[in-house]
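Take a moment to look over the sequence and the fold.

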Amino acid sequence: MEKSEKVKEQILPEDSKKERQKLSHDCDVCKKSFSSKGNLNKHKRIHTGEKPFHCEICGKSFSDRNHLNSHIRVHTGEKPFHCEICGKSFSQRSALTKHKLLHTGETSYSCNICGKSFSGKSALTYHKRLHIGEKSFQCDICGKSFSQRSALTNHKPIHTGKKPYSCNICGKLFPGKSALTYHKRIHTGESHYHCDICGKSFTVSSNLTGHRRFHTGETPYSCDVCNKSFSTSSNLMTHKRIHTGEKLYPCDICGRSFTQHSSLTSHKCVHKGKKQSH
């Protein structure tokens, strides 16, 4: 028994030493440890904001080569990840994982404000910003802030006019991948999301969520200026422009600007009518 204890004393310290050596590369900013210098250097880019890997097609930059490789598939159309249930293919593994939840119906994370469910914790975190008004992503050109990075990405082409994503069916251009994905469903007629009350189908889950509130009467999005409530965050955003005076939609004929796209469309009919009268 004593011999056994001595053996333990001799082995354990050496094992512990080896374990420490496995994680011998420490970050001097947050003290997190890594098993290799390469992993440490990759991690440090979180702190420095360095993005050394650039897409040659659209110019977007990434901190990790694997992220660049995943992004390039958006342009090439390569989809190596296949759903074994329905056969649908995806360019990213994360998109496949999210898609599979359509088959299982699994939604692990629920919003305690409006009850909407999400497949991942990060998606829930982004969603909650809509309720609390937190806007962490700021445009470096005009200073406007957004609650989601994707919203900032979609906003920036207003300044640059850059739209690197094109529809291979009709040729329409889009500033972001998600906007292109939603657009394509117009051509395919794909509608995964069905209302269990009236049976109406939708191509985007958020549209179904907003639609359901017509049945329930729920209005979880409130204006912090006049307290008026809305069923969707987009309706609240549109309403807020009444208070701010922001007019995002200019007429390309006379230059007059409008707070809503529908108002611009109605206004353009004035010009059409003038042309027809001549």
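In which loop does Asn227 lie? Find β15 (221-222) and β16 (229-230): Asn227 is in the loop between them. Keep in mind that this is a predicted model.

Now check the backbone of Asn227. Its phi is near 70 degrees, a positive value in a residue other than glycine. Most residues other than glycine have a negative phi. Is Asn227 buried or exposed? Exposed means over 50% relative accessible area. Asn227 has 59% relative accessibility, so Asn227 counts as exposed.

Go back towards the start of the chain for another case. Lys31 sits in the loop between β1 (25-26) and β2 (33-34). Phi of Lys31 is near 70 degrees, again positive in a residue other than glycine. The relative accessible area of Lys31 is 59%, so Lys31 is exposed.

Next, turn to helix α3. This helix covers residues 65-76, which is twelve residues. How far apart should its ends be? At 1.5 Å a residue, α3 should span 16 Å. The end C-alpha atoms are 17 Å apart, which agrees.

Just after α3 comes Gly77, with a positive phi of about 85 degrees.

Which residues of α3 are buried? They are Leu68, Ser70, His71 and Arg73. An α-helix has 3.6 residues a turn, so residues three or four places apart point the same way. Follow the buried residues of α3 to their partners. They pack against four strands: β3 (53-54), β4 (61-62), β5 (81-82) and β11 (165-166).

Step back to the whole protein. It has eleven helices and 18 strands. There are 278 residues, and buried ones make up 25% of them. The protein exposes about 18,900 Å², and carbon and sulfur atoms supply 51% of that area. Now consider contacts between residues at least 6 apart in sequence. Of these, 9% join residues at least 24 apart.

The average pLDDT is 77, and 87% of the residues score at least 70. Residues 1-13 are another matter: there the pLDDT is below 50. Beyond near neighbours in sequence, this stretch has one contact in the model.

Methods
Residues are numbered from 1 along each chain as its sequence is written. This is a predicted model: local features need pLDDT of at least 70, side-chain atom pairs count only at pLDDT 80 or more; totals for chains, interfaces and linings use all residues. Side-chain values use heavy atoms; hydrogens and water are left out. Helices (H or I, at least four residues) and strands (E, at least two) are DSSP runs, numbered from the N terminus. Buried means under 20% relative accessible area, exposed over 50%, partly exposed in between (1.4 Å probe, protein chains only). Contact means heavy atoms within 4.5 Å. Accessible areas come from the Shrake-Rupley method with a 1.4 Å probe; for residues, only the protein chains shown count as cover. pLDDT is the predictor's confidence in each residue, from 0 to 100. The expected span of a helix is 1.5 Å times one less than its number of residues.
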